[in-house]
Each structure stands twice: as C-alpha cells, then as structure tokens.
Amino acid sequence: MGNWKTRKWNCLDVSVCFALLLFIGRPVSAQIRYTVPEEVKKGFVVGNIAKDLGLDTGSLVERRFRIVSGSEEPLFEVNQNNGILYVHRKIDREELCESSACLTNLKIVVENPLEIHYVDVEITDVNDNFPKFRETEQHFDIAEHTVAGTRFQVQGAQDPDLASNSVRFYKLNQNDQFDIETRERHEEKIPFIVLKKALDRETQSTHRLVLTAIDGGNPPKSGTLNITVTVLDSNDNRPVFSQETYAVDLKENVPVGTIVIKIKATDLDEGSNGDVEYALGRNLNPKVYEVFQLDSITGEIRVKGKVDYENTQIYKLDVDASDKGQPPLTVESGLIIKIIDVNDNTPDIDVTSVSNIVSENSKTGTVISLISVTDKDSGDNGKVTCSLSDNVPFELKPSFKNNMYSLVTKGHLDREVTSHYELIITATDFGQPPLSTFKTLKIEISDVNDNGPQFPQNPIELYLEENNAPGASIFSVTASDRDLDENAAITYHIVRNEEKQNDMASFLNINADNGHVHALKSFDFEKVKTFQFQILAKDSGSPPLSSNVTVKVYILDQNDNPPVILSPISANGSAEGVEEIPRNVNAGHLVTKVKAYDADVGYNGWLLFSIHQVTDHTLFGLDRYTGQIRTLRPFTETDEAEHKLTIVVKDNGNVSLSATATVTITVVEPKEAFAASDVKSTVNDEDESNVTFYLIITLGSVSVLFIVSIVVLIAMQCSKSTDYSSKYLQDTNYDGTLCHSIQYRSGDKRYMLVGPRMSIGSTIVPGSNGNTLVVPDRRSRISGEGQMFG
C-alpha cells in the first residue's frame, strides 16, 4: 500500500478542508497525495481513496465512482466496490518523467451529487537501470612528455535512475600509470583519468584501461568502458576558449540553420599544432545531437532540428576544442542554451459528458458536462479563457480550480422549438497574437408530454345524405400532437352521454387509431335532420393529455319517398274515384282535383301531375301543378257517357318516383246530376274541411321550421368569417340544381325556398348562397285554393 507518511494535504485538518469545499459550493472537491514505487506489479494497492475522502463505499457504484482519464491506457484504476486505488499497468518512472520529481495527477469523479477530487501520485525511483556508457570504447593519444597530474576527460556513464540509485562513483582497473578522478558538472559526475607518472613511449606505447561506473543502489549495479591510451610525441600547448562557460537565449521554432552562437578557442602553437577543431562533448543528452550541430572549423553552433520549449526548456552542452598536434591537445568549455517560449500551442479542450441527452423539463443549473482546458505554453501564452456560443440556454460556470468549467442549463428548454443544440466551446489564450481552439458539443433534447392533441378546427360541420350504408365510414378526423413517439401517439374516442336517451352518438363508432367514423345505422332525413356529438383525442403520454372537437351533422334529403295520393281514395284504399258531372257544363268546369303529397323536400318533394291515359283528349285537361281536372269543351250528344282518366303524379328527384290515380267521370243529365250533387256536396264539404285543416297544420309547421332555420343560419353566419372552410370540403362546387326547397302558394304567386345541391360529407358556410325563388303562376285564373308540396 502507498506510504501514508508521504501524503500531503492542502488543508490542515480533513474536516475543515471538506467544510470549506462544501461552503464554496458544488461540485465538491478535495485533493490527496499518495506515493508508490515504480516497477510494482499490476494490482498493487496504492490506497483507499473512498476511505480517505470519507465516501460511503456502499454507494460508489450508484454514484459512478471513477477516474476520468484521457485516451491513453490509465496507470491506475479504482475499485467501485471498496474504493481502493490500485496499479493498472506497469509503471516505469524513467519513461514517464525526465525530471527528478515524478507526479501523476488523477481526477476522481463521483455523481449524485457531483464531486471532483484530485489525487497526486508520486512515483518513486528504484534501482532498475544499469549505468551505461554511450560507447563501449574510448581512445586517447597522449604525448610522452605529458607531465604527471594531467587529466583527460572520459565519457560519463548514464543512469536514468535518480538520487542514490544513479552513478555514485567510478573506479579504474589496477595500473601504474593512471588514476581516476571525478568532478561535478551540471549536476553530473564527470570522470577523468589522471596521469600518475611520466609516460615512456619506448617502454610501452599503448595502455589498456577498464573504467567501471557504479551506482548507489542496493545491491549496486555497474557498467564498464574500455579505454585505449596511445603514447605519442606531444604538442605542449592546449587551445584556450574565450569564455569558460557560454550562455545564450534562443526562441523556440526558429528555422533550421539558424546560428545559435559562435564559440572561439585559440592555440599558441604554430602550424598544425595551432589549428583548432571543435566538437560537442561525448556526455550530452542524445536530444542535443538531434537539435544542434557544431561546425568543427568555424565553431558555429546551428539549429539542426525542431526547437520546442514544451519538450526542453534548457540545453546544457560541453564543447571540446582540440589542436592538430601530435598528439592533439583538448580543452573543454560549457554552453547553456535557454529556450524562450513563444505562443505556438493552441489550447486543448477536454470534455467529460455526464449525458448528451437532456430532458426538456430539466431545471436551471442542471450539469451537462465537465470541461477542462489546458495550454502547453507558459506565462501569458498558457493562460486560457473559455466561452460558449451565443443565444443558447446553456452557460459555462468556472470551477474552483483554474481552467475547469461546468456546462449547465440556464433557461427553459422546449424540444418542440429546438430539438437539439450544437454548442461551440471556444478556448483562447492570452498570447500575442492569441490562439484559439473550438470544440462542438451536440446536445439532444428529450421529449416530455407537454403538448395535447389539437384539431385543425372546432367545430366541424358535416353534411350527410340520408340512407347511408350501415357500418360504412362517413368521415374521418385527424388531430396533431407536437410531441414525439408515445407522447404523440393519438387515439380517438366518441364522447357518449349515458344519461341522455336517444343519444345519436350511440349510433356511431370511431376507429381509435385512424379517426374514421362509422355510422352503425342508416339515418332518415324525415326523422332526424341534425344532431351533434363530440370526439375525444387523447395521446399516450404519462399522464395523457386530451382535447375535444364538436361535430355538427346535417342530414341531407334523398328522393326516397314516392308521392302519396290523398284524393281520390276508394273504400278499399286504392287511388280510384268516380265523378258525375252534368252534360250541360261549359268549358273550364272543375270536375275534380287530384290531391297528393311527398314526404321529401326540395325538388324531391315538388310534385307534377300529368295524364297518362284518357278516353277523349279533347274533353278534359289537367293542371300539372294543382292536379285540377277541368273540361276543355262542352259535351255533345255524340260524346260517351263515361270517361276514364289515369293520372300520374311524379316528384322532381334525380330519379323521380311516381304514383297513379284513376278517375272515372260519368256524364249524367242535369236532373240526375243535381240530385247526386246534393248527396256528394255533403261528403265533399267534410273532406274539404279535413284536408284544409291538415294543410293549415302542415303549412304552419313548415313556416315555423323555416323561421327557426333562418335565425340559426343568420346566427352562424355572424359568428364565422366569410372565408370559413372545412377540412372535409376544401372547395364547395355548386352545380346550379335547386334542391332542399319548401314550396307554398300565396295569391297568384308560388314561392320556393331553395339552396345548392351538395354531396355526401360536404360542408358549407351556413347562411351563404341562400335565396328565395319566386315563380309567377302560369294559370289564367286562380281557384283560391293553396296547395303545399311536401
């Protein structure tokens, strides 16, 4: 388990720290620190984060206790069952960190409520690397007259480990000529071989040495370097640098070939012994050789590769100057190159989404995502501000930690207005010029049942011809719902009044899925002329929403009733009669009158009379409108005494219906006719009075119905706009046929109230195109009797 003694808390007392964090506001955060050595096995327990933070381990799974990491495979994981932080994969400190301090920052997130905790894990070094020389062999040419005590720099061994685990000392194999000496330079130990006594080339021209580098680990690790020393006749003056140590500033991203600095060394010798050559030291970081190059003749150091401040801020170089004497003499100098940062990195936006689907009834302040912004640059170039696109019901709220934000709702969401948002998050640094980066976050708004079904119009007027087929669809309704899915799935129902007797809605049925209304019975205009009912549209949301529409049904007449003969009627009920007239009557004498009625209205009830068969066409005539039979001329002695007339009564429907009556006229002498007329007049007077009574009642009823209809039509016309149109009849076409009329006579004129003929299921604006047609009577004389046609 991690070393608790090395934990560092940002607050003096844990309870005080949490209290302060809770006081600041949500999300709650805390920060702890653990220490773990490198190279531990997978599953190594670092510490119990839940216990250290005071979290309830029983709710960790429900609260989605987790580490928020990037795209790379994480080094650590947490157990949601007990809150333990453990090692997820092998840790190599030298691979992770180049500096002495190696910290890994973890972001721990728990939800409901949202809490963010920051954990620093320090990776400590273990002695897992051997000291290693960059080359396995090194050669020295040393003049034989070199004085004792002369030092020669040897390449140092590199050990990635830190502190006591790095190179501690060097030792040289046992020999009589050389000893080992170590100097500190740039926090590194540089080995030198030191000549103990003068060399004698004639005695021994070559010396082979073995240099061993030993680190401070337990047990220690070591590496070796083979050194070959060739004894030469010498050059007695060494080159001298103009400065012991050089320092220069260099901006990052300078072009390849840029001169960084020109170093200078001089040699007092002449000829080849005074010619100086330059070279980079052998103990440098390999990156130095990739980024810089040294001209061995001029001493110019130029840029060879990319200079990136974010990778390396300071380069420390060793520069050697050697003459061309035999043997050459070498001198060393140091060079420090400090890299200056420029604003060359755009900010990086990291989004941790709690959910990208937000309910439209979410409260203001609901957390949508956690956003962190980083910039690899330093100073003002690394300071970042974050903003959100305008005119959206969301906002960014900064966290207590720099460059941390919460994306929350700030206003009312309405999916029916906007179903999704594409939020553009902009991060801009403070460099000159500033750099920006953008990230698009897509938010979907989920639906709730906040819209009820709506009908396109209310009420609906339906014109339906009578005698419809039972069970057939008479019309359909459609309602719309702005919601989605089951919240917009509409079912239709007819509102029935169980308490009301003879409720016409009981004779109707509706398809709950498509709104098609079916009549369970055939309607009869002569029994029901108008009725209304209500349809309920209800969605499938929870709770469901509904609305009603009123349907006003007007039954249109069809020619389904044939004319009925009222007179003449025989004793057995057949339409037959016998009339006696004197032989001495003049032309125009009223013989009798055929009376009939039709239960239909309009043209369907407008009756016309015609003679189908007659014994003598020259004797009798029939008025086609009134049914009166009159003589056309006086009788002669040659005329027969009995004449039979067959009268046909037809209505004016599209397919006319008819009835027939048979009138037998007997011609008698005047005395017989007078005697018969006394008996008949009594019967006729009684029949006339009864018929007149019924006609008066019928005319009064029709007049009342007519007045009520006019009042209703005027009221409806006033309450609706003139451009009113129905869903069930977009364009009302009139074919010019007069129908639905009421006929009556007054004086010498015949009146007929008419309207346009319409088709099944059509609707019309009440009160429009209504008129009264006045038809002058074509008869030359008025009998004074009024006849109303059904």
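Contact means heavy atoms within 4.5 Å. The model is predicted, and local features need pLDDT of at least 70, side-chain atom pairs count only at pLDDT 80 or more, while totals for chains, interfaces and linings use all residues. Residues are numbered from 1 along each chain as its sequence is written, and side-chain values use heavy atoms, with hydrogens and water left out.

**Exercise 1.** Determine what share of the contacts in the protein chain with a separation of 6 or more comes from residues 24 or more positions apart.

*Solution.* Take the contacts in the protein chain with a separation of 6 or more; residues 24 or more positions apart account for 67% of these. The protein chain then has five helices and 52 strands.

**Exercise 2.** State how many disulfides the model holds and which cysteines are joined.

*Solution.* A disulfide is a covalent bond between the sulfur atoms of two cysteines. The criterion is a pair of cysteine sulfur atoms within 2.5 Å. The count comes to one disulfide, joining Cys97 to Cys102 with an S to S distance of 2.1 Å. The angle about the S-S bond is 60°, and the link of Cys97 and Cys102 is right-handed.

**Exercise 3.** Classify Cys97, Cys102 and Cys386 as buried or exposed.

*Solution.* Buried means under 20% relative accessible area, exposed over 50%, and partly exposed in between (1.4 Å probe, protein chains only). Cys97 has 14% relative accessibility and therefore counts as buried. Cys102, at 1%, is buried. Cys386 is also buried, at 12%. In the protein chain, buried residues make up 44% of the 790 residues.

Note on methods
Helix = DSSP H or I, 4+ residues; strand = E, 2+ residues; numbered from the N terminus.
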